[in-house]
Amino acid sequence: MRRRLIWDIPTRLFHWLLVGALLVQYVTATWMDNAMQWHFYTGYFVLGLLTFRILWGLVGPTHARFASFVTSPVQVFRYGKTLFRQNSHAYGGHNPLGGYVVILMLALLISQAVSGLFMTDDIFMEGPWYPSADESLRDLMNYLHRAGVDWLLIIIGLHISAVIFYKVYKKQALTSAMLHGKKQTEAKAISSSKLLLAGLLMIISAALTWYVVAEAPPETESEDVFY
Ligand code: HEM
Ligand code: HEM
């Protein structure tokens, strides 16, 4: 079996920038005092990354596209039966089960980044959408942001365990493929990373994120003004 280019450069960049940014998010919110401003900036960066990944999932190269890894439940079930087979073939992109885990991770991350916009540290800092939200929306977002951390930690733990399982038990080097892009697989290689398109989508994602952050609605007129 030949080594073929599977993961394009933007998808790899997205992954490792996301990992780094989430580390920053965790550290700035839980281990550091006075780092909330950085938590906000990095949170906006994550929002931009996620916007890019959604667009890339629609128009990026084959294996990055949602359509290529969101499969039917029947395929997931079939794949599940081969999970503990050591010599099962290496998928080109995400396998049918992994594909759904990726969607779940992205959904949780979107919820985390969006709910952050409505958060306050009750001292100096308010997310840009906090002033315009009413009490019940603030409570909901606060709940999502704090409970979301636990769910994220669980799914990231599962994700890293799965990667180790594939390496140790199934002898498939998924991590190095996420680094250099190449996998030993029978699946079709991608012909290019579509860097020009990626650059354009990055600019669009940054602009959309900037718009959501900078153009948040003003404070609503209510009894809130008294505190
Ligand atoms: C904050 C921690 C992490 C998060 C949130 C995360 C999230 C993700 C996401 C969203 C994807 C899908 C990529 C895409 O299609 O765009 C992915 C894939 C992947 N991640 Fe992570 N990741 C994390 C940490 C790690 C670490 C530490 C490793 C390596 C040790 C790793 C290895 C991989 C690999 C190998 C894939 C591709 C899996 C496959 O071949 O189907 N990830 N990850
Ligand atoms: C995916 C991106 C994000 C992650 C992973 C993340 C993670 C966290 C974590 C781990 C906490 C601590 C929760 C706790 O102690 O219960 C937290 C709290 C908080 N986050 Fe985020 N966050 C993200 C995005 C954002 C954004 C975009 C904003 C605002 C623009 C924001 C604002 C806040 C605030 C104000 C708190 C409360 C801090 C306090 O209680 O003193 N977060 N976040």
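Are His39 and His145 buried or exposed? Both His39 and His145 are buried (under 20% relative accessible area; exposed is over 50%, partly exposed in between, with a 1.4 Å probe and protein chains only). This is a predicted model, in which local features need pLDDT of at least 70, side-chain atom pairs count only at pLDDT 80 or more, and totals for chains, interfaces and linings use all residues. Residues are numbered from 1 along each chain as its sequence is written, chains are lettered from A and ligands numbered from 1 in the order in which they are written, and side-chain values use heavy atoms, with hydrogens and water left out.

**Overall build**

- The protein has eight helices and two strands. Helices are DSSP runs of H or I with at least four residues, strands are runs of E with at least two, and both are numbered from the N terminus.
- From the N terminus on, the order of elements is β-α-α-α-α-α-α-α-β-α.
- The C-alpha trace spans about 70 × 35 × 35 Å along its principal axes.
- The protein has 227 residues, of which 39% count as buried.

**Iron site of ligand 1**

- His15 (NE2) and His159 (NE2) coordinate the iron atom of ligand 1, at 2.0 Å. Donors are N, O and S atoms within 2.8 Å of the metal (3.2 Å for Na, K and Ca); water is not among the atoms, so sites may look incomplete.
- Six donors count as octahedral if opposite donors are over 155 degrees apart and all others lie between 65 and 115.
- His15 sits in helix H1 and His159 in helix H6, so the pair ties together parts that are 144 residues apart in sequence.
- His15 is buried, at a relative accessible area of 18%. His159 is partly exposed, at 27%.

**Shell around ligand 1**

- Ligand 1 is surrounded by 20 residues (a heavy atom within 4 Å). The closest are His15, Arg53, His94, His159 and Leu174.
- Four helices each supply at least two shell residues: H1 (9–30), H5 (96–116), H6 (135–168) and H7 (174–180).
- H1 gives the largest share of this shell, six residues.
- By class, the shell holds 13 nonpolar, five polar and two charged residues. Ala, Val, Leu, Ile, Met, Phe, Trp, Tyr, Cys and Pro count as nonpolar, Asp, Glu, Lys and Arg as charged, and the others, Gly among them, as polar.
- A polar side-chain atom of His94 lies 2.7 Å from an oxygen atom of ligand 1.

**Iron site of ligand 2**

- The iron atom of ligand 2 is coordinated by His39 (NE2) and His145 (NE2), at 2.0 to 2.1 Å.
- Angles between its six donor atoms run from 86 to 179°, which makes this arrangement octahedral.
- His39 is in helix H2 (residues 36–59) and His145 is in helix H6. The pair links distant parts of the chain, 106 residues apart.

**Nonpolar core**

- The largest nonpolar core has 22 residues. Such a core is a set of buried Ala, Val, Leu, Ile, Met, Phe, Trp, Tyr and Cys residues joined through side-chain atoms within 4.5 Å.
- Phe14, Leu18, Leu50 and Leu106 touch the most other members of this core.
- H1, H2, helix H3 (66–69), H5 and H6 give two or more residues to this core. H5 gives the most, with six residues.
- In soluble globular proteins, nonpolar side chains tend to be buried together.

**Loops**

- Thr120 lies in the loop between H5 and H6. Thr120 is buried, with a relative accessible area of 19%.
- A polar atom of the Thr120 side chain lies 3.0 Å from the backbone nitrogen of Asp122. The backbone oxygen of Met125 is 2.9 Å from a polar atom of the Thr120 side chain.
- Lys171 is in the loop between H6 and H7. Its phi is near 55°, a positive value in a residue other than glycine. Lys171 is exposed, with a relative accessible area of 64%.
- Lys194 is in the loop between strand E2 (182–184) and helix H8 (195–214). Phi of Lys194 is also positive, near 50°. Lys194 is partly exposed, at a relative accessible area of 30%.

Definitions and conventions: A polar contact is a pair of N or O atoms within 3.5 Å; within protein, one must be able to donate a hydrogen and the other to accept it, and residues adjacent in sequence count only if both atoms are side-chain atoms. Four donors count as tetrahedral if all angles lie between 85 and 135 degrees; four count as square planar and six as octahedral if opposite donors are over 155 degrees apart and all others between 65 and 115; anything else is irregular.
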